[in-house]
Amino acid sequence: MDTTVPREIFDTAYENGTAPWVIGEPQPAVLELERTGAIRGAVLDAGTGAGEHTIHLAGLGYDVLGIDFSPSAVEQARANARAKGVEARFEVADALDLGTRQRFDTVLDSALFHVFGTEERQRYTRSLHAVCRPGAVVHVLALSDAEPGFGPRISDQVIRDAFTDGWELEDLRPSRYRGIARGDDADGLGLPDGSTTDVAAWLARARRL
């Protein structure tokens, strides 16, 4: 994918309750990262959306900040945290311009990286580099083009090309991403409209040098 998904699509999806990535629970791949000790220190949940991962990690005692450029998403995330009785921090912020203060040890990216086009991916990895401490780790869960699915799907090479200068790509493997298939996406997968399904994804780990 060479162009960034238009931002208004995300606000509309949150406002209409049609976001296929909002499943009301953390991604299984993210739960496994936490269980295996892959998340540590100060955590940035980039593209937090409805806040499932930030809320889960905050509830476990992690120092975590969830950010999203969509005010509608952040409003929904805060409401979800209140409903669960979890004190979680959220901010409206642009992942392409996060500032220059090195403050994070772990970045969690669940379904954000793949919405960016070529130029924005480079801006994104530079932005993350600026706010990560040396040795920090970025975990990317992105939709894969290896099989039919939905949303903006990418190849593994796209991830390899983005995490170069200032990064070491330590791991890149097939994974699964859980979402809700609606409309044409559901038809294309042979599923009833509104079905929850696991589709092909990549799970990458990059270390900030």
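Let's start with β1 and β4: these two strands run parallel and are joined by four bridges. Helices and strands here are DSSP runs (H or I over at least four residues for helices, E over at least two for strands), numbered from the N terminus. Ala46 has Asp109 in β4 as its bridge partner.

Before I go on, please remember that this is a predicted model, where local features need pLDDT of at least 70, side-chain atom pairs count only at pLDDT 80 or more, and totals for chains, interfaces and linings use all residues. Residues are numbered from 1 along each chain as its sequence is written, and side-chain values use heavy atoms, with hydrogens and water left out.

Phe104 stands opposite Cys132 in β5. Together with helix α5, residues 118–131, β4 and β5 make a right-handed β-α-β unit; right-handed means that, with the strands pointing away from the viewer, the path from the first strand over the helix to the second runs clockwise.

How many of the seven residues of β4 are buried? Seven of the seven, so β4 is largely enclosed by the rest of the structure. Buried means under 20% relative accessible area, with exposed over 50% and partly exposed in between, using a 1.4 Å probe and protein chains only.

Seven strands form an open, mixed sheet in the order β3-β2-β1-β4-β5-β7-β6, where two strands pair if DSSP finds at least two bridges between them. β3 and β6, residues 167–181, stand at the edges with a single partner strand each, so one side of each has no neighbour in the sheet. On average, neighbouring strands are turned by 20° against each other, direction ignored.

Glu168 stands opposite Arg207 in β7.

Finally, helix α3, residues 52–59. α3 lies across β1, β2, β3 and β4, and runs at about 170° to β2; axes are lines fitted to C-alpha atoms, for helices over the stretch in contact, and angles run from 0 to 180 degrees between N-to-C directions. Six of the eight residues of α3 are buried, among them His53, Ile55 and Leu57. Their cover includes α2, α4 and β4, where contact means heavy atoms within 4.5 Å. After α3 comes Gly61, with a positive phi near 100°.
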